[in-house]
Amino acid sequence: MSYRIPIGPYHLALEEPYKIELDCQGERVTGATLKVGFNFRGIEWLAERKNITKAIALMERVCGICSNVHSMTFCMALEQIGGVEVPPRAQYVRVVVAELERLHSHLLWAGIAAELIGFQTLFMQIFRLRECVMDALESISGNRVNYSMNRIGGVNRDIEHPEAVRKAVNQVQDAVSRTLIPLFTTDQTVAARCRGVGRFSLAEAIAYGAVGPVARASGLDTDMRRDHPYLAYNALEFAVPTRPEGDVLARIVVRALEILESCRIIDQTLERLPAGPLHAGDIYLVPPGEAVARIEGPRGEVFYYVRSDGSDTPTRVKVRTPSFANIPTVTAMVRGSDLADVPLIQGALDPCYSCTDR
Amino acid sequence: MSAAEIREQIGGSWEERGDGWWLPLPPEQIRAAARTMLAGEARFVAQVASPGSQGEFSLSWHWDLKGTLLSVTTTLAAGRPAPSIVDIYVGADWAERETRDYYAVTFEGRDATPTLMLRAEDAPGMMLPSEAGRP
């Protein structure tokens, strides 16, 4: 018997609203339709009506988890238009905050994934670790979510206690390598629940334009930090984990390994933190021009297009968030899967509807 | 295929900028360019629409190949439809629907372009210059 199940816009597991309609044949999913836009705030529209300084603060509200990457990418596009050189120390500080944010995002996701799998103890362990990262971000910026670190040409604050940040990161690195990774890679319950579920091939990843850990778990070896280096990433050593399987387990493993790589990056960055200014001066205008800036956010590539006419208000701001690229892939992942696997498949995407809707 | 081979196969005068390679093309050549991108395993990144001062639209499609941004731009006269590439890159579906939501651009070559961010009953074009006074 075939039937359609509407799920959402309000969900038990996810805090954010969206709707998925599943076409089923018995317990087998044959197709899916998505509806987003419940969080639509018209941020691009708003950004084109605010001066650049206000727009930087606005961009930090695109996402409540990866808030820093949005103000940073927006600033990077403006810096490119204006030919503004960011001082080396500011570049390193930006790397530290961006990688701490990746740790925060990946740990948050890993905790939710543990809960979705039914592993409550692990969920609590991971969220305890996440607190270390939140504390480190708070010690740098004074804030736990919207850090207000970025300005055109640099950063607003320095890292005053690098050793405290290193200590927190080492704690995460130790716990993740001793507990999380062995568990995600060898535990039979995790493997039984996740292996072969929600398959997504390399060809599909290219056609759908998947990004970040979702793409890398399907064998698409892409990472903007390595492929199109920005800030100080050129000077840092790190690996880009990929898996060929394209299933939920591969997405879990890729993110878990990325946590370790972020710890490595932060450790190196803090060790090599150069002396010097934090910004290139007070900049409130950029000359006429247009630029694309792309960075590797926690969920994948963040794309900003900014056009300026030389006034203090941008004439066009386009934001393509990683979740905007990744969420449509769920229609391919759930096709042919069991109905009971759909929440796990959706969760393994690490979707952010706030980012998507903007 | 490398990014250089893709550029060569598509032809035209590519311009190298700080953010990648850019090529202006007439609208009727966009779909052929998209097919070449797919053959070269370039990943679809984004579509950007920007209104001009005379009612025309500038549309750009962006692809990535191993970190190299390949951008193809076109200009649409007022009221002219844009070519859809959804049958080539399924990932362009949401991008085209959002462009319609924001600027009321219509896409030729797809059955329908449903709203994405707006409600089904909302009129498209919320970011058109004519809507500038809207609260």
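**Reading the model, from chain to contact**

Tutor: Let's begin with the inventory: chain A contains 15 helices and 8 strands. Keep in mind that this is a predicted model.

Student: How compact is chain A for its length?

Tutor: Compare its radius of gyration with a rule for globules. Chain A has 20 Å, close to the 21 Å that the globule rule gives for 358 residues, so chain A is as compact as a globular protein of that length. Along the principal axes, its C-alpha trace spans about 65 × 45 × 30 Å.

Student: Next, a helix pair. At what angle do H5 and H6 of chain A pack?

Tutor: Look at the angle and the distance between axes together. Helix H5 (residues 120-141) and helix H6 (residues 162-186) of chain A pack at about 160 degrees, and their axes are 10 Å apart. An angle over 145 degrees counts as roughly antiparallel, and therefore H5(A) and H6(A) are roughly antiparallel to each other. The crossing of H5(A) past H6(A) is left-handed.

Student: Which residues make that contact?

Tutor: On H5(A), they include A:Leu122, A:Ile126, A:Leu129 and A:Val133; on H6(A), A:Val165, A:Ala168, A:Val172 and A:Leu183 are among them. Sorted by class, this contact has 14 nonpolar, 4 polar and 1 charged residues.

Student: Now chain B. In what order do the strands of its sheet lie?

Tutor: In chain B, 5 strands form an open sheet, ordered E1-E2-E5-E4-E3, with mixed pairing. Strands E1 (15-17) and E3 (43-51) of chain B stand at the edges with a single partner strand each, so one side of each has no neighbour in the sheet. From one strand to the next, the twist averages 25 degrees.

Student: In which sense do E2 and E5 of chain B pair?

Tutor: Strand E2 (residues 20-24) and strand E5 (residues 68-76) of chain B are paired in the parallel sense over 4 bridges. B:Pro24 is opposite B:Thr73 in E5(B). Helix H1 (residues 3-10) of chain B lies across E2, E4 and E5 of chain B, at about 25 degrees to E5(B). Helix H2 (residues 30-39) of chain B also packs on the sheet, where H2 touches E4 and E5 of chain B; its direction makes about 165 degrees with that of E5(B).

Student: And how many residues does each chain bring to the contact between them?

Tutor: Chain B brings 24 residues and chain A brings 28. On the side of chain B, E3 and helix H3 (93-103) are the elements giving two or more residues, and E3(B) supplies the largest share, 6 residues. That side has 13 nonpolar, 6 polar and 5 charged residues.

Methods:
Residues are numbered from 1 along each chain as its sequence is written. Chains are lettered from A and ligands numbered from 1 in the order in which they are written. This is a predicted model: local features need pLDDT of at least 70, side-chain atom pairs count only at pLDDT 80 or more; totals for chains, interfaces and linings use all residues. Axes are lines fitted to C-alpha atoms, for helices over the stretch in contact, and angles run from 0 to 180 degrees between N-to-C directions. Angles under 35 degrees count as roughly parallel, over 145 as roughly antiparallel, 65 to 115 as roughly perpendicular and the rest as oblique. A crossing is left-handed if the near helix is turned anticlockwise from the far one by less than a right angle, and right-handed if clockwise. Two residues are in contact if their C-beta atoms, placed from the backbone, lie within 7 Å. Ala, Val, Leu, Ile, Met, Phe, Trp, Tyr, Cys and Pro count as nonpolar, Asp, Glu, Lys and Arg as charged, and the others, Gly among them, as polar. Two strands pair if DSSP finds at least two bridges between them. The radius of gyration is taken over C-alpha atoms; the globule rule is 2.2 Å times the number of residues to the power 0.38.
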